[in-house]
Amino acid sequence: MIEVKNIYKNFGSNSVLRGVSCEIRDGECVSIIGPSGSGKSTLLRCMNLLEEPTWGEVWMGGKLLTPVDPYLHPDVIRASRTFRALSGSMEEADAIRKIKAEDLLREKRAAEGKDYLAVMKRIYEENHQDIDVSRQKMGMVFQHFNIFPHLSVTENITLAPVLLGKMTKEEASERADELLARVGLSDKKDTKPNMLSGGQKQRLAIVRALAMEPEVMLFDEPTSALDPEMVGEVLEVIRDLVKGGMTSVIVTHEMGFAREVSDRVLFVDGGVIAEEGAPSELFDHPQNPRAAEFLSKVLR
Amino acid sequence: MTDFISKVIELFSTGKYMSSMWQGLLVTLEISVAASVIGLLLGTLAALAMISKKGGWMKIPKAVAKIYITVIRGTPMALQLFIMMFVIFAIRGFPEILTAILAFGINSGAYVAENIRAGILSVDIGQTEAGRALGLNSSTTMIRIVIPQAVKNVIPALGNELIALIKETSIVSMIGMYDLTMAAKVVGSGNNMASYVVPMSVAALFYLAMVYLLTFGIKKLEKRLRSGDRS
Ligand SMILES: Nc1ncnc2c1ncn2[C@@H]1O[C@H](COP(=O)(O)OP(=O)(O)O)[C@@H](O)[C@H]1O
Ligand SMILES: [Mg+2]
């Protein structure tokens, strides 16, 4: 479903992601845990390009969302002038390995020659999909809900599907009724969102994303901004979704929940995936010392 | 005091004086209304250019908007008016009221641009992110999500800008245009009134009335926008 290939993300001189690769498979639920500031949100936001990776590629449903990263394609490297200069004196495979390891491709793309540019362009055109189209298939839920305050509860849900021509107004509002009933907000459908509690807002945010009928849902600490008594109602909605087979990626500090619903857990630390595995393995027998330390703190 | 009041009554009841004052008021209103429309259009365009992400062809309008805002806000209005009147539109037969409208419209646009830009930036970035994450493109997100929320934040500042504009138009009297301020001066120097106090006071009253009406209208508008939020 989603493939993240060797992404790096710099904010100015701050390198936040430093070579992250992972794959989210169809129907899978993956939790991302790790210390605050380790790059969890940035990784999640790179999946739908709310952050553009500095290097590396993101793929969704077999489509390329980012520009082509030449280092990920041997064909591209082979078409470069740098490769041609090296391949005279060494094996092809060695030249490719050396170019990757030492980051030898020139910054200025045209300097690597016409063939190089042509191969890059071909790969891009064969695989690229417009980000706005891709995002329609990826729902996102934010820590701070980001409900639209100027629209009614129903309009929050119907806005995108109607504007994007996915449904007529009538279809969308019918769908909104169904979704609101599913999360127990039917009686709120005509109110303005600022009348809702935090837990209700987050439930609304979840169904707003579901109205686009996404293939995957991304959750960025969906319960971190909630009062403790409202955490349960939101987790319940997410749990139902995951049980229903929705492909999901969840950044969370709710370790009990992550352990319960995830098929796989990624431990992110210092901008890399320091450990990954099934929840039972990672929570009970962490191999990475930083993961062990982190878990001993949060599970205490 | 009774003398002052009787003079005021005299001014209001003398057709020749009143028609001079009305004529001046009309010019002030014409310049103010037309310039604020131009200012709003120019200001919106400049604000949108300013907030666009740099890179690509949008670099050019962004740079133009930046220079425009910097130059206009960094130089005196009177000088801008003189330059428009005596340099740029120093064409024989070009109506001076049009020159004044353009000068004030261009001036107002720079301030409006800053207000609108601030209003748009005051909307939480999370709103834009939520719109984009749903698959809406950047202009749809701007039009359907950000701008409706920005409007509320911008209305009071735009009201202040309009008020400032109405009052500032009085400097056209410096180049001899017959606006409300000039009318007061002309009536005052007329042989019968023989005093500036009365017509100047009446002109002040007219300006006050305009500003008051505008303030009242804006308060109403603000209230309506805000109550829409709660219902
Ligand atoms: N838009 C941004 N601009 C600059 N720095 C950022 C931005 N977003 C995140 N960062 C920095 O990236 C690092 C990781 O942030 P984040 O991915 O939010 O961590 P986490 O979600 O794991 O707490 C932090 O040091 C943060 O300051
Ligand atoms: Mg975070």
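This is a predicted model: local features need pLDDT of at least 70, side-chain atom pairs count only at pLDDT 80 or more; totals for chains, interfaces and linings use all residues.

Residues are numbered from 1 along each chain as its sequence is written, chains are lettered from A and ligands numbered from 1 in written order, and side-chain values use heavy atoms, leaving out hydrogens and water.

Switch to cartoon and you'll get 13 helices and ten strands in chain A, taken as DSSP runs (H or I, at least four residues, for helices; E, at least two, for strands) numbered from the N terminus. The C-alpha trace of chain A spans about 75 × 50 × 35 Å along its principal axes.

Now bring in chain B and select the contact (heavy atoms within 4.5 Å): 24 residues come from chain A and 21 residues from chain B. About 1900 Å² is buried between the two chains, with carbon and sulfur atoms giving 58%; that is accessible area (1.4 Å probe) lost on putting the parts together, summed over both.

Next stop, salt bridges (side-chain nitrogen of Lys or Arg within 4 Å of a carboxyl oxygen of Asp or Glu). The count between chain A and chain B is two. Zoom in on A:Asp132 and B:Arg132, whose side chains meet in a salt bridge at 3.0 Å, N to O.
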